[in-house]
Amino acid sequence: MRPVAVIGIGKTPFGAFHGRDLRSLAVEAGEKCLKNGHTTPSQVDAFFLGNFAGPSFTGQNHLAPYVSTALGIQGVPATRVEAACASSGSAFFHAYAGVASGVYDLVLVVGVEKMTSQPTPRVTEILAGAGDCAGEIKAGSTFASLFAMIARRHMYQFGTTREHLAAVAVKNHANGALNPDAQMRKVITMEQAMAGKPIADPLNLYDCSLISDGAAAVLLAPAERAGEFTDKPVRILGVAQASDFVALDQKPDITTFPSVRLASAKAYRMAGVGPADIQLAELHDCFTIAEIIAIEDLGFAPRGGGGPFTLAGHSARTGDKPINTSGGLKSKGHPVGATGVAQICDLVLQMRCEAGERQVPRHSLGLAQNLGGSGATCVVTILGTV
Amino acid sequence: MSDATGTIYTETVIYSTTEAFAADVPYQTAIVSLDAGGRVTGRILGERVSIDDRVARVEIRDGVPFFRKIA
């Protein structure tokens, strides 16, 4: 296996964009990325598209060549990857594998979702398709309710509080307020975060990520060729994907995600680093409890320590382990299929010192964690500039 | 051991949902650890339940088990 680098990034803003379709968003991110990586469409050896539910949201299928040809990328393999909210994390992982193994040199990965074309109850229904439709979903579960049940159990076993959950939302909103591409650039108070409209007890509106349109793209190349395209390559030091049960009721313990533990253990081993070495992270805060558990499963805090870790300010932008300086899914937005690649883009911005007002001082080793469903897929990526 | 009785492993009350369940809001779902072993996701009828409460299955509708709190 040969070392691989990220040589280009590109993103659309995240938000509700009436009049923009899936393809135009994906093309905008892809074009920005190719330009950023000083690459022409004809140089691209393969195209991967991360997308969760384009066919359900928009009616369009066969999406990978639908997007790649619009980008001017002709003839090469164009493949869509679906892994719920980890769709583009998984697309990134498979693109990495293609470059590392020597099958391809330049690979473009685009993640995209167009969600606001449907009313909220229909969006909830489409998202529920990432759960076990014959069991938990048939019983009336929504994704918020699955994570609510996880939160309840975490509170019961570890004493996690409503205040801990709210602290995640307050922090991520504070960060998102500084991100010009974020969907909700709004600072919220602890009181607001505690008193949001109930969605599924104990989660309220401020515990839930947003319904978003958006796209993000990264361009990968063998590290030895990175200098041909950019002065600021970022190395992929470790990346791994792991899987687990889709149905929450099949998991022996719902307060931890084995897929996160497996993927991170592999990624840490590949990179030759441990949790204490990570300087900043983009974590999958689809719901506030998910960030708390990710902090624990990645080894940043012991089990049950994720809430206190957050409340104490360790994960704040000014803390010793800044998490979701982009605003996270909570404030930046969560166009499901774009999220995994967007996390990589946000880390790369920090690592290139291009993160503007939200730039953190220590940025040479970053981690991204992208979760699918209630943990059935996880992709963990470790990036470095050293 | 019965697969019709069990203990609440976790639960939630849902306020925002899909069109198919909108008429039921708010409703409670739970993961029940069955006395016979294994867990199942079901609906709660009547009194709200909390973790560790004992429940009995009172009916199955379209494959979905409905439970009720027992003393």
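How many residues of domain 1 of chain A are in contact with domain 2 of chain A, and how many of domain 2 take part? I looked this up before anything else.

**Conventions**

I noted that this is a predicted model, in which local features need pLDDT of at least 70, side-chain atom pairs count only at pLDDT 80 or more, and totals for chains, interfaces and linings use all residues. Residues are numbered from 1 along each chain as its sequence is written, and chains are lettered from A and ligands numbered from 1 in the order in which they are written.

I found 38 residues of domain 1 in contact with 35 residues of domain 2; contact here means C-beta atoms, placed from the backbone, within 7 Å. The bounds, which come from an automatic or database domain assignment, are 4-119 + 212-234 for domain 1 and 130-209 + 235-384 for domain 2. I read 22 Å between the C-alpha centres of the two domains.

On the domain 1 side, the elements giving two or more residues are β1 (4-11), α4 (87-100), β4 (107-114) and β7 (213-222) of chain A. I took helices as DSSP runs of H or I with at least four residues and strands as runs of E with at least two, numbered from the N terminus. Helix α4(A) gives the largest share of this side, seven residues. I sorted the residues of the domain 1 side into 24 nonpolar, 10 polar and four charged. In this sorting Ala, Val, Leu, Ile, Met, Phe, Trp, Tyr, Cys and Pro are nonpolar, Asp, Glu, Lys and Arg are charged, and the others, Gly among them, are polar.

**Entry: chain A overall**

I listed 13 helices and 11 strands in chain A. Its radius of gyration is 19 Å, close to the 21 Å of the globule rule for 386 residues, so chain A is as compact as a globular protein of that length. The radius is taken over C-alpha atoms, and the rule is 2.2 Å times the number of residues to the power 0.38. Buried residues make up 63% of the 386 residues. A residue is buried with 20 or more other C-beta atoms within 10 Å of its own, exposed with 12 or fewer, and partly exposed in between, the C-beta atoms being placed from the backbone.

**Entry: helix α10 of chain A**

How many residues of α10(A) are buried? I found that 10 of the 10 residues of this helix (288-297) are buried, so α10(A) is largely enclosed by the rest of the structure. They pack against α6 (143-158), α7 (162-176), α9, α11 (306-311) and β10 (365-372) of chain A. Just after the helix, Gly299(A) has a positive phi of about 85°.

I then took the pair α7(A) and α10(A), which pack at about 95° with axes 8 Å apart. Axes are lines fitted to C-alpha atoms, for helices over the stretch in contact, and angles run from 0 to 180 degrees between N-to-C directions. That makes α7(A) roughly perpendicular to α10(A), a term for angles of 65 to 115 degrees. The contact uses His164(A), Leu165(A), Val168(A) and Ala169(A) of α7(A) and Thr288(A), Ile289(A), Glu291(A) and Ile292(A) of α10(A).

**Entry: Ser264(A)**

I located Ser264(A) in helix α9 (258-271) of chain A. Is Ser264(A) buried or exposed? Ser264(A) is buried, because 27 other C-beta atoms lie within 10 Å. Not counting residues up to four places away in sequence, Ser264(A) touches Asp297(A), Leu298(A) and Val380(A).

**Entry: backbone details**

I noted a cis peptide bond from Asp201(A) to Pro202(A), with omega near 5°. Pro202(A) is in the loop between β5 (198-200) and β6 (203-204) of chain A. In chain B a cis peptide bond joins Val25(B) and Pro26(B), with omega about -10°.

Ala84(A), a residue other than glycine, has a positive phi near 50°. Ala84(A) sits in the loop between β3 (78-81) and α4 of chain A, and counts as buried with 25 C-beta neighbours inside 10 Å.

**Entry: chain B against chain A**

The contact takes 25 residues from chain B and 25 residues from chain A. On the chain B side, I listed β1 (5-14), β2 (27-34) and β3 (39-45) of chain B as giving two or more residues. Strand β1(B) supplies the largest share, six residues.

Key: Contact = placed C-beta atoms within 7 Å. Parallel < 35°, antiparallel > 145°, perpendicular 65-115°, else oblique.
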